[in-house]
Amino acid sequence: MAILEVKNCTKRFGGLVAVKTLHMSLNEGDLYGLIGPNGAGKTTIFNLMTGVYKPDTGSIDLDGKPIHNLKPSMIAKLGLSRTFQNIRLFRSMTVLENVTVARHMRKSQGLFDAVVRTDRLKKEEEGIRRDALELLNIFNLDKRAHEPAVNLPYGSQRRLEIARALATNPKVLLLDEPAAGMNPQESLELMHLIRSIRDKFRLTVLLVEHNMKVVMGVCAKIQVIDYGETIALGTPKEIQDNPKVIEAYLGGA
Amino acid sequence: MRKWAFWLAAIVLLLALQATLRGLIGAYYYQIVILVGINIILAVSLNLINGVTGQFSIGHAGFYAIGGYTSASLVYYGGASIRSALPFLPSLVQDTILLLIGLLAAAVLAGLAGLAVGIPSLRLRGDYLAIVTLGFGEIIRVLILNIDAIGGSRGFSGIPQLSNLFWVYLLVLATIITVRNLIRSSYGRAFISIRDDEIAAEAMGVDTTRYKVLSFVISSMFAGIAGGLFGHFTMYLHPNSFLFTTSFYLIIMIVVGGLGSIEGSVVGAVLVTVTLEVFRRFGPFRLVNFAIVLVLIMIYRPQGLVGKRYGYS
């Protein structure tokens, strides 16, 4: 059964059709790649899925529930989390605090607990902290947990974004160009990381990426978009040999 | 246990100060001490929305005015009947009950006003709150000017004096501790995440509209309490105490102290209030000198006097 299903979605910005009658279906446990030339509409698709934009037509279902009319925070709560192409960490917070923010929506403390600092709150805060450190440990960031997040090197900031997204307890994780700006060694590590968190957290991962080595290495299924339309769908091998894809990337002869 | 010990010690200390301070320093300085306290409440609460949550409100004086006039008119018109309902209590206890009822009403009404202003203007990202609160502050002031029952342009006189150093500083402590505890909780992280990156906060499941409104309402409630304390101390309220400049001085306090920092808001409130008093001797050059001080602070400490760059815990 599809855990994330996009049916017949269209999004227009004025005269520009950014996404055109898009279909997409992710099964539980999929490592799904979404690629396409610059401006193909990949990030728009992400923004449609996460509720930043509303589709003009069509629907998006998460685990059988329609989500295309919900606020982003509500969609996050239902189990869809994301990272950003241009890193969006909380700049005044430490590494640890960045991760704990993602636990806010699952809190049980009320305003009264917060103001009076009840034992219930202290216990919950302790639990949040412990879970966050555990998560940081997986990403090899626990030693720098108390440093300002912006002091981390670029590659680590990307990993912290993934850790923060995981802290929301997602069913589906959307990664928007996680390998951007990484060196070959870092990209290799990232590929291992994506696979291992998929297994460890039983996730479905949707990956937008320009680094073909990463996409082809990680994803079992790839969908290629150009001018907002699907031009190919298949395994990495099929995609590589598809003449339409070659044309989209290299131009027609 | 430690909490109770802290509050007990605070109450004993404040009662001792209440009994002695006025005699020691005289009525003029006593009044400045009170004013400093009220400005601390206002600055710390404004800091919650402007500094911690990152929304720009420039109409804090409006909520301050609502609180002041609410508490004053409630006690002025309803005080006698509340007292007659409690004839068996000594007048000091009656005073206390009246003040607490007044302050509660002030907080509730100011909070409701905050809700009414916040819901439409905080749903959007951007500077809408600044525009709306600017207008709101003026609307409130002009409304008061035109309500004869609360004095209109003559000012509201004959307000019973119920607040004093003890009550003002007890509520200063309560404000500081409430705001500090909020910031240290999950709510605080939600507020700060909105300030840092609203899009990322929303994507991480923080309902940004809701938490912006929450922060704004809490901030407004404390401004209302400050207004109640002010009216019941000076025994007289005039719309000119709640001009746009009042809101602006409050913003100066939190910026000079360091946006987002509670210590900063306290330092800023003390510094601005005292400096404005000291500079009275310069007559017409009072505000010129004040501006020079501000420019110097902003040149040498652009992040504020005790502002921190990172973290909050």
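Colleague: Which residue is the bridge partner of A:Gly33 in strand 9 of chain A?

Modeller: This is a predicted model, and in it A:Gly33 has A:Ile222 as its bridge partner in strand 9 of chain A.

Colleague: In which sense does strand 3 of chain A pair with strand 8 of chain A, parallel or antiparallel?

Modeller: Strand 3 pairs with strand 8 (residues 204-208) of chain A in the parallel sense, over four bridges, and within strand 8 of chain A it is A:Val208 that stands opposite A:Leu34.

Colleague: What is the order of the strands in the open sheet of chain A?

Modeller: The sheet has six strands in the order 6-7-8-3-9-10, and its pairing is mixed. Strand 6 (80-82) and strand 10 (229-234) of chain A stand at the edges with a single partner strand each, so one side of each has no neighbour in the sheet. Averaged over this sheet, and with direction ignored, neighbouring strands are turned by 20° against each other.

Colleague: How should I read the two faces of strand 3 of chain A, and are they covered or uncovered?

Modeller: The general idea is that in a regular strand the side chains alternate between the two faces of the sheet. In strand 3 (residues 31-35) of chain A, five of the five residues are buried, with A:Leu31, A:Gly33 and A:Ile35 on one side and A:Tyr32 and A:Leu34 on the other, so that both faces are covered.

Colleague: Which strands of chain A does helix 1 of chain A lie across?

Modeller: Helix 1 (residues 42-49) of chain A lies across strand 3, strand 6, strand 7 (172-176), strand 8 and strand 9 of chain A, and runs at about 150° to strand 7 of chain A. Helix 10 (residues 243-250) of chain A, for its part, lies across strand 9 and strand 10 of chain A, at about 130° to strand 10 of chain A.

Colleague: At what angle do helix 1 and helix 8 of chain B pack?

Modeller: Two packed helices are described by the angle between their axes and the distance between the axes. For helix 1 and helix 8 (residues 208-234) of chain B, the angle is about 170° and the axes are 8 Å apart, which means that helix 1 of chain B is roughly antiparallel to helix 8 of chain B. Among the residues that make the contact are B:Ile38 and B:Ile41 of helix 1 of chain B, and B:Phe222 and B:Ile225 of helix 8 of chain B. Sorted by class, this contact has 16 nonpolar, three polar and no charged residues.

Colleague: How many residues of chain B are in contact with chain A?

Modeller: 23 residues of chain B are in contact with 30 residues of chain A. On the side of chain B that touches chain A, helix 6 of chain B supplies the largest share, seven residues, and the residues of that side divide into ten nonpolar, eight polar and five charged.

Notes
Residues are numbered from 1 along each chain as its sequence is written. Chains are lettered from A and ligands numbered from 1 in the order in which they are written. This is a predicted model: local features need pLDDT of at least 70, side-chain atom pairs count only at pLDDT 80 or more; totals for chains, interfaces and linings use all residues. A residue is buried if 20 or more other C-beta atoms lie within 10 Å of its own, exposed if 12 or fewer, and partly exposed in between; C-beta atoms are placed from the backbone. Two strands pair if DSSP finds at least two bridges between them. Axes are lines fitted to C-alpha atoms, for helices over the stretch in contact, and angles run from 0 to 180 degrees between N-to-C directions. Angles under 35 degrees count as roughly parallel, over 145 as roughly antiparallel, 65 to 115 as roughly perpendicular and the rest as oblique. Two residues are in contact if their C-beta atoms, placed from the backbone, lie within 7 Å. Ala, Val, Leu, Ile, Met, Phe, Trp, Tyr, Cys and Pro count as nonpolar, Asp, Glu, Lys and Arg as charged, and the others, Gly among them, as polar.
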